[in-house]
Amino acid sequence: MIKLDGQFIYNFSLLNPKDLSDVEKDFISAENLIHFLLCESAGGDRPTLEMVFELEKESTLRYINKGNIINISFGISEPTEETLQFEIQDDNNNKNFSIGYAVKISAVLYKPKFMSKMGNQYYGNTTSINVVKKLADINKFNLHTNISKTNDKQEWNRIGVTEWKFLQDLWLGSYINDKTFISMGIDHHSIYFYDMRELCKQDP
C-alpha cells in the first residue's frame, strides 16, 4: 500500500483474467515505486498505464504476463473508494529480472465487453448523440456532454466491430454544423462528447 500524506492511498494487485481473483496482493510498496504514468487522449483511444517499480518478490514475476490484469484501488481515507483495471500489454522480458531490479509494465484500460467483444447492433434511424447516450448507458459509462442535438440523422448500425471501434467511427461521422466540431474521449468511467465551439465560450 502506498500513502501520500493529504492526498491518496493506493493499493496495487495483480488479477487472474479468467475470474479476476487476486493472485498477488499489494505487490508494490511506496519505496519501490519508481514511475507511474496514466495517459488519456482525445479521439477515443484507450487510457494507458506505464509503471516502473523495484521488484520485491520473485514470485511476482510469474503474474506479470501479457493479458493479466493490474487492479489499482485508491481513496482518501481507504484504498477502496475507486478501482481501475488495466490489461498488461508488454512485460518487456521481465522474466530475466530478479529481486532489486526495476521492472517496467505497459498496460491499457480493461473493459472487455466494450473494448474486445465483436458483434452487431442496430440503432435505427437516429442521431449520433442518441447513439452515444445508448452506448454510455449499456456500458455503464457516465456521459459528459454539452450537446442536446446533432444534425446527422441516419441509420447507425454496428456491424462486426467492437463497441469501442464503433464509437470511434461514429465520432468521425458526427455533425452539428459547419461552424463547430465535436471532440470525443474516454476514461475509466466516462465518455466525453463535446461541441467545441460551445465549450470554448465557457470561462476557463
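Visitor: What makes helix α2 lie across β10 and β13?

Guide: Contact here means heavy atoms within 4.5 Å. Helix α2 (residues 128-138) lies across β10 and β13, at about 165° to β13. Axes are lines fitted to C-alpha atoms, for helices over the stretch in contact, and angles run from 0 to 180 degrees between N-to-C directions. Helix α3 (residues 163-173) lies across β12 and β13, at about 165° to β12. This is a predicted model: local features need pLDDT of at least 70, side-chain atom pairs count only at pLDDT 80 or more, and totals for chains, interfaces and linings use all residues. Residues are numbered from 1 along each chain as its sequence is written, and side-chain values use heavy atoms, without hydrogens and water.

Visitor: How do you know that β10 and β13 pair?

Guide: Two strands pair if DSSP finds at least two bridges between them. β10 and β13 (residues 190-195) have 4 bridges, in the parallel sense. Therefore they count as paired. N142 stands opposite S190 in β13.

Visitor: Why are β10 and β12 said to stand at the edges?

Guide: The order of the open sheet is β10-β13-β12, with mixed pairing. β10 (142-145) and β12 (182-186) each have a single partner strand, so one side of each is left without a neighbour in the sheet. The twist averages 10° from one strand to the next.

Visitor: What makes a residue count as buried, and what percentage of the chain does?

Guide: Buried means under 20% relative accessible area, with a 1.4 Å probe and protein chains only. Of the 204 residues, 41% count as buried.

Definitions and conventions: Helices (H or I, at least four residues) and strands (E, at least two) are DSSP runs, numbered from the N terminus. Buried means under 20% relative accessible area, exposed over 50%, partly exposed in between (1.4 Å probe, protein chains only).
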